[in-house]
Amino acid sequence: MTSTDGDSVKLTRDEEEERLHFQKVTNAFRSYKKHSMAAIHKREEYLGRLPVEHQKLLRKHGYQETMDDLKEAVEKNNEIVKNILKEVEGIFENVSHPGKAETDPRVRPGSVDMDKVQSTIKQIVRDWSSSGAQEREKCYKPLVNTILSLYPDNRDQVKVLVPGAGLGRLAFDIASEGFECQGSEFSLYMLFASNFILNQCQAVDCYKIQPYIHQFCNNLSSKDQLREISFPDLDPNLLPEEAKFSMAAGDFLEVYSAPEYVSSQDCVVTCFFLDCAHNILTFVQIIHRVLKQGGTWVNLGPLLYHFSDMKGEDSIEPDYQTLKAIIQDLGFEFQSEETSVPCTYSQNQTSMLQYSYNCVRFTARKK
């Protein structure tokens, strides 16, 4: 585009940045096998440099066999990754993403990008497997129960927004209860995978994945590292035809700042989302903006503040009591509140290391 109009040039730059990011994420998934095999080969190479006595002992007790099993698992996981990539070109309406070679440094995935692919694989367990049922029972179920009690009647007329929807299970569960629900997600990694699960999975437990093969520490047994997980635990196609469920792609602040979203939602449900902001106050303001008068905000999560220690990123990190006072100042009235709510996030149940958050769960009404 050769127009010298400022807005047109800016739009073109934004579109180019979007295409480059799309291609970088695509390349990250495509690089999954190569990157994962390299991590195993590095360990094998070091094994070969150990004293012969140490090599014999490790091989005697199955270390090399575990490496071989891990390589086989990478091959199996890569079949899932290829399935995820099959439909991505059509994931956004009217948007074409011409491929760029990975040799272009702008679209070459780095270690952070590869970590996100691995995290997405583990997120499948949390959202769409029976192994993640315990986490969902503690995180998602109380949120769904809250909105069921708030809106017992005419649910098909109640609009619920779920920002930071990830792989879409919470929004799916809400829509399954009869609400009109839209999940919003910014991460292309999550959007690629949710598109595959929601639109391509045709039966219960029709796929298997080995999500913990990249976790080389805190394994009680090699079997734990190699554990297979079946998914999805329910058939996404069983959502009733009349159900009103959708997933929206884009930055929460940009998408829902648009005029058409002002006072458009009856309820906003946030789960492990608030602390994903550079400036958490902007999230609170947009949530207030999209809610109808008297609308309800239901929240669960910690305050991890994702950008806090990230190089080159700005972040503010108010404590919860400060944040609560600001939420009230910005036009919300707290209806209920619980602190020290124990929750895990994509936890490997067999790991020797277990993380748990003491979360805050609250319900607030827009004044």
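Biologist: Which elements do the buried residues of α12 pack against?

Modeller: They pack against α11 (280-290), β7 (291-301), β8 (332-343) and β9 (357-366). Packing here rests on contact, meaning heavy atoms within 4.5 Å. Bear in mind that this is a predicted model, where local features need pLDDT of at least 70 and side-chain atom pairs count only at pLDDT 80 or more, while totals for chains, interfaces and linings use all residues. Residues are numbered from 1 along each chain as its sequence is written, and side-chain values use heavy atoms, with hydrogens and water left out.

Biologist: What makes α12 a helix by name, and which of its residues are buried?

Modeller: Helices (H or I, at least four residues) and strands (E, at least two) are DSSP runs, numbered from the N terminus. Helix α12 covers residues 320-329, and its buried residues are Tyr 320, Leu 323, Lys 324 and Ile 327. Buried means under 20% relative accessible area, exposed means over 50%, and partly exposed is in between (1.4 Å probe, protein chains only).

Biologist: How do you know that the buried residues of α12 line one face of the helix?

Modeller: Look down the axis of α12: the buried residues fall within an arc of 100 degrees, so they line one face. That arc is taken from the directions from the helix axis to the C-beta atoms. An α-helix has 3.6 residues a turn, so residues three or four places apart point the same way. On the other side of α12, Gln 321 and Asp 329 are exposed.

Biologist: What happens at the start of α12?

Modeller: A side-chain oxygen of Asp 319 comes to within 3.0 Å of the backbone nitrogen of Gln 321. After the helix comes Gly 331, with a positive phi near 110 degrees.

Biologist: Why is the pair of Phe 272 and Tyr 357 called edge-to-face?

Modeller: Rings of Phe, Tyr and Trp (its six-membered ring) pair if their centres lie within 6.5 Å; planes under 30 degrees apart are stacked, over 60 edge-to-face, and the rest tilted. Here the centres are 5.7 Å apart and the planes sit at 75 degrees, so edge-to-face it is. The two are 85 residues apart, with Phe 272 in the loop between β6 (265-271) and α11, and Tyr 357 in strand β9.

Biologist: And what makes Phe 272 buried but Tyr 357 partly exposed?

Modeller: Phe 272 has 12% relative accessibility, so it counts as buried. Tyr 357 has 27%, so it counts as partly exposed.

Biologist: What kind of aromatic pair do Phe 252 and Tyr 256 form?

Modeller: A tilted one, with 5.5 Å centre to centre and 40 degrees between the planes.

Biologist: How do you know that Lys 324 lies over the face of Phe 334?

Modeller: The rule is that NZ of Lys or CZ of Arg must be within 6 Å of the ring centre and within 35 degrees of the ring normal. Lys 324 is 5.3 Å from the ring centre of Phe 334. The charged end of Arg 43 likewise sits over the ring of Phe 216, 3.6 Å from its centre.

Biologist: Why is β6 called largely enclosed?

Modeller: Seven of the seven residues of β6 are buried, so the rest of the structure largely encloses it.

Biologist: What makes β6 and β7 a pair?

Modeller: Two strands pair if DSSP finds at least two bridges between them. Six bridges join β6 to β7, and the strands run parallel. Cys 267 stands opposite Thr 296 in β7.

Notes: A polar contact is a pair of N or O atoms within 3.5 Å; within protein, one must be able to donate a hydrogen and the other to accept it, and residues adjacent in sequence count only if both atoms are side-chain atoms.
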